[in-house]
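Open the model in your viewer and keep the selection tool ready. The tour goes from one selection to the next and says what is there.

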Amino acid sequence: MKYQQYYPVDVVNGPGTRCTLFVSGCEHQCKGCYNQKTWSCDAGHDFNDAMVALIIADLNDSRIKRRGLSLSGGDPLHPNNLDAVLALLQAVKHHTENKDVWCWTGYTLAELSQQQRDLLPYIDVLIDGKFELEKKDLSLQWRGSSNQVIHDLAALRKT
């Protein structure tokens, strides 16, 4: 997997202070996308074990109380990203305490393959759906267009 950008301190992509990883690879290529440089699976930097270790260390850094990890892109649930994202999410859940994971994807929950669904137990909040320029709404929190849905998977698991 490749990634475009990593922000160890981010207050825009989810609630609280977070670590945010923008992965490469997106087959949706939405009209009006603000992050077109992430579309190619080959663009950006190699994602490796050192990057996983850095994210874990940043999440555990007691000097900055980070609430969790945000995954965006590109699309973290692009088929080329699934193995690396799953390994990252497993490491986050195993090596951190009380850190939530937010994930943005252009796929809807109903469209997810079984391999994509295998990541859901590690994701607390999933924002799904392609960005639709004609439904763009700047007043929406955590979403770019009104068709996108915020799924609180952690709350669903508790019921």
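**Start at strand β6**

Select β6: both of its faces are covered, with Val125 and Ile127 on one side and Leu126 and Asp128 on the other, all of them buried. Buried means under 20% relative accessible area, exposed over 50%, and partly exposed in between (1.4 Å probe, protein chains only). Strands (E, at least two residues) and helices (H or I, at least four) are DSSP runs, numbered from the N terminus.

This is a predicted model: local features need pLDDT of at least 70, side-chain atom pairs count only at pLDDT 80 or more, and totals for chains, interfaces and linings use all residues. Residues are numbered from 1 along each chain as its sequence is written, and side-chain values use heavy atoms, with hydrogens and water left out.

**The neighbours of β6**

β5 and β6 pair in the parallel sense over three bridges; two strands count as paired if DSSP finds at least two bridges between them. Trp102 has Val125 in β6 as its bridge partner.

The pairing of β6 with β7 is antiparallel and runs over four bridges. Here Leu126 has His151 in β7 as its bridge partner.

**The tryptophans**

Next, show the aromatic side chains. The structure holds four aromatic pairs. Rings of Phe, Tyr and Trp (its six-membered ring) pair if their centres lie within 6.5 Å; planes under 30 degrees apart count as stacked, over 60 as edge-to-face and the rest as tilted.

Select Trp102 and Trp104, which form a tilted pair, 5.9 Å centre to centre with 35 degrees between the planes. Both Trp102 and Trp104 are buried.

Trp102 has a relative accessible area of 7%, while Trp142, at 22%, counts as partly exposed. Trp102, Trp104 and Trp142 form one aromatic cluster.

**The cysteines**

How many disulfides are there? A disulfide is a pair of cysteine sulfur atoms within 2.5 Å, and by this rule the count is zero. Select Cys26: its nearest cysteine sulfur, that of Cys30, is 5.9 Å away. Cys26 is buried, at 10% relative accessibility.

Last, select Cys41. The closest cysteine sulfur to that of Cys41 is in Cys26, 8.9 Å away and too far for a bond. Cys41 is partly exposed, with a relative accessible area of 22%.
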